[in-house]
Amino acid sequence: MTGHARARRRDRRVYLAGHPVLLALLAATRRRPVLRLGPVVLVHDEQACRQVLTGLPLDRLGAGTTGAAVAAAGGGGLFDQTGEQHRTARRDLGVRLASRELRAVWQAPIDRTAATLAGGGRVDLVALAAEVGGSTAAAVLDLDVDPLVLAAAARATADATAAAHLPGRRARPVPTTLTDLVGTAAAATTAVATVSTAVAAFPRAVAWTADAGLWDAAADPVRRTVLVAELLRVTAASPLLPRVAAAEGEVAGCPVRRGDRMLLVTRHAAAAHVRNPSVADPAAPAQQQLVFGAGGHACPGAGVARAQLGDLLAALAPSRPRVVSARADRRSALPSWASLVVEATR
Ligand code: HEM
């Protein structure tokens, strides 16, 4: 078996454990670029996904969307906003995310982890990703809270919120701990967006690097930039974007009515399920970018996520870690490991 096949087989386990119904549904329908199933339109195709995100009027508060969940929690968290209010809030967050001091916040736990590895110890990269996400969120929100406590609360909120919408999950109340910790629904949204994606993406990306033998590329600053974009593409941390049409339209020949639910499968649009990460022959930047969405609501944290993963790979590369054990998270909102333990091979 090639390294990529091994990596892909391991990565598939996070879907099989936590999102099996979703995986089966998407696999059964993915040959059609756009497919209507009753009131739901499944969008798998790259251009069609981009067209929905940038060209079709969307109801940000439509039932089942992220915006509706944010609004139900109190609102004001970008996903639910439109117009000038949205532009202002994005600008504010953008300024905070661009702060020069932010990098030191995630570099500290990364350096500590790399030192443990180099000393012969084993580390759980899920715990590290939670700390990276939690400390970044605390700094961005200007909060004096324990990053791990914040991360745990953000993950619990994300998981309970997603349970209401994911096929095969039982709905349960969303805990109030996160809002109690951070003060507002808007801050809670930023914390969830930062932490849950870090936990989903970074351990899976490192596992892929280890299983496919990509540490040489990870150690090289130029090739690492390409590798990071490719790993974020194939791990597609937010693989499904639920949206609701606000007006009539057409997507890749499929008529869409106002109020139709659309499930944008960014995992497929980014070819994560069929195209291995490659430094020599990477996917086009526009396709890599799709895992962060597109248009006015595209992820404002994409640059931070790339910088974090780049710093993590750079710090781990000298130890050439291998995966010792991996346990999938059955309750997570996004396809994630519950623990992913690595150790140095040199
Ligand atoms: C691997 C990491 C990440 C991935 C894959 C990811 C993915 C996404 C996606 C797909 C969207 C939805 C775009 C849409 O609604 O059309 C989004 C929105 C968002 N993300 Fe990220 N994200 C990541 C990291 C982050 C980080 C580090 C932050 C830090 C603040 C962040 C904050 C947000 C916010 C606030 C929004 C809402 C933007 C808006 O509605 O205007 N994300 N993200």
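**Close-up views of the sheet and the ligand shell**

**View 1. Val123 and its bridge partner.** Val123 is bridged to Val342 of β9. The model shown is predicted. Strands β3 and β9 (residues 337–343) run antiparallel and share 2 bridges.

**View 2. Strand order in the open sheet.** The sheet has 3 strands in the order β3-β9-β8, paired antiparallel. The edges are β3 (123–124) and β8 (322–328). Each has a single partner strand, so one side of each lacks a neighbour in the sheet.

**View 3. Helices packed on the sheet.** Helix α1 (residues 3–18) packs on the sheet and touches β8 and β9. The direction of α1 makes about 10° with that of β8. Helix α10 (residues 185–211) also packs there, touching β8 and β9. For α10, the angle is about 40° to the direction of β9.

View 4. Which side chain places an N or O atom 2.3 Å from an oxygen atom of the ligand? That side chain belongs to Arg243. Arg90 has a polar side-chain atom 2.8 Å from a ligand oxygen atom. Leu78 contributes a polar backbone atom, 3.5 Å from an oxygen atom of the ligand. Two or more shell residues come from each of α5 (83–97), α10 and β4 (240–244).

**View 5. The shell around the ligand.** There are 26 residues around the ligand. Those that come nearest are His86, Arg90, Arg243, His297 and Cys299. Helix α10 supplies the largest share of the shell, 5 residues. By class, the shell holds 15 nonpolar, 8 polar and 3 charged residues.

Note on methods:
Residues are numbered from 1 along each chain as its sequence is written. This is a predicted model: local features need pLDDT of at least 70, side-chain atom pairs count only at pLDDT 80 or more; totals for chains, interfaces and linings use all residues. Side-chain values use heavy atoms; hydrogens and water are left out. Two strands pair if DSSP finds at least two bridges between them. Helices (H or I, at least four residues) and strands (E, at least two) are DSSP runs, numbered from the N terminus. Contact means heavy atoms within 4.5 Å. Axes are lines fitted to C-alpha atoms, for helices over the stretch in contact, and angles run from 0 to 180 degrees between N-to-C directions. A residue is near a molecule or strand if one of its heavy atoms lies within 4 Å of it. A polar contact is a pair of N or O atoms within 3.5 Å; within protein, one must be able to donate a hydrogen and the other to accept it, and residues adjacent in sequence count only if both atoms are side-chain atoms. Ala, Val, Leu, Ile, Met, Phe, Trp, Tyr, Cys and Pro count as nonpolar, Asp, Glu, Lys and Arg as charged, and the others, Gly among them, as polar.
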